Amino acid sequence: MIRSLVVSLLAWGTSASAQDFSLTPPCAPGLCGASQLGIRATKPADAVRESQYIEVDISATTLLQNSNEHIAISAFANGAPFGTSGAFSTTAPNGGIGIALGRIDTASHPSCPLDSSNTNVEFAIEQFAWSDIYGSQILHCVSFNKSALTGVWKIRVSVFVECTGATCRASATVENPVTFALLGSVTSTGIPLANPTTVRRPWYAVTNFSDEPYNYSASFWKRTEMYTPYF
């Protein structure tokens with residue numbers, strides 16, 4: 001019988017009064033951003049399967065409605081994608097699997113729905129490359145109208161990734177945590193895990209890739225970070 005061991009579990013109630021952290025890219029527009037690491041876990045040598053679950057509330061309505069930037073969250077990573085200066089880190093984006101939420105360029109990522117009028121927010125499963133800032137891939141991608149965020153202070157994003165060896169499946173949702181209205185849902189299977197190490201450390205990030213009038217921010221309230229190996 002397969003038995004499981006929960007190695008790390010952090011959970012917060014919805015009544016938390018202050019954000020866990022806020023991210024604002026400290027850099028000029030370009031290939032830069034800001035990121036925050038989550039709790040580190042390590043895959044045990046005899047684990048045959050493993051999963052990581054992340055649930056977080058995010059306040060970023062201005063970024064999502066008014067900018068060409070996006071938020072990214074990765075499970076199964078090893079290290080943050082951006083350093084303190086805002087530049088990409090050495091092995092960025094560190095080989096995990098997660099989501100992108102915001103403006104996703106369909107010219108570079110044709111799996112996203114065409115949005116020539118820039119009226120939608122894209123939400124996608126993303127496979128993050130290892131030591132290759134151009135190597136990440138947007139997999140399943142959906143969109144919802146920006147008007148769904150009007151008057152909404154926070155949204156809730158949930159990400160689940162499960163891997164057997166180096167082959168993974170992922171699912172994610174974004175919803176209004178007050179009305180529980182589902183804004184987007186994505187899934188993908190047969191995803192290669194690019195992280196060559198046994199470290200499993202999630203990260204949260206905000207980009208500053210476009211020529212914006214100022215650097216947009218996002219605040220995060222972590223509800224759950226859970227890593228589970230199965231033997």
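Predicted model: local features only at pLDDT ≥ 70, side-chain atom pairs only at ≥ 80, totals over all residues.

Student: What is the general idea behind a salt bridge?

Tutor: Side chains of opposite charge can pair when their charged atoms come close.

Student: How many salt bridges does a search of the whole structure find?

Tutor: The search gives 8. Take D57 and R156 as one case. Their side chains form a salt bridge, with N to O at 2.6 Å. D57 lies in strand β5 (residues 49-59) and R156 in strand β10 (residues 155-164). The two are 99 residues apart, so this pair links distant parts of the chain.

Student: Are D57 and R156 buried or exposed?

Tutor: Both are buried.

Student: What about E50 and K43: how is each one classed?

Tutor: E50 has 1% relative accessibility, so E50 counts as buried. K43 has 21%, so K43 counts as partly exposed. The cut-off for buried is under 20%. Their side chains meet in a salt bridge at 3.7 Å, N to O.

Student: Which residues are linked with E50 in a network of salt bridges?

Tutor: K43 and R200 are linked with E50 in that network.

Student: Which residue forms a salt bridge with E162?

Tutor: R169 does, and the closest N and O atoms are 2.9 Å apart. E162 has a relative accessible area of 12%, so it is buried. R169 is at 39%, so R169 counts as partly exposed.

Student: What does the side chain of Q52 reach?

Tutor: It reaches the backbone nitrogen of F76, at 2.7 Å. Look also at the contacts of Q52 beyond four places in sequence. Among them are A75, V159, F160, P202 and Y227. R200 is also in contact with Q52, and R200 belongs to the salt-bridge network with K43 and E50.

Student: Where is the place of D115?

Tutor: D115 is in the loop between β7 (97-102) and β8 (120-127).

Student: Is D115 buried or exposed?

Tutor: D115 counts as buried, because its relative accessibility is 6%.

Student: Which backbone nitrogen does the side chain of D115 reach?

Tutor: That of T119, at 3.1 Å. Leaving aside neighbours within four places in sequence, D115 is in contact with R103, N120 and E122.

Conventions
Residues numbered from 1 in each chain as written. Heavy atoms only, no water. Salt bridge = Lys/Arg side-chain N within 4 Å of Asp/Glu carboxyl O. Buried < 20%, exposed > 50% of the residue type's maximum accessible area, 1.4 Å probe, protein only. Helix = DSSP H or I, 4+ residues; strand = E, 2+ residues; numbered from the N terminus. Polar contact = N/O pair within 3.5 Å; in protein donor to acceptor, adjacent residues only side chain to side chain. Contact = heavy atoms within 4.5 Å.
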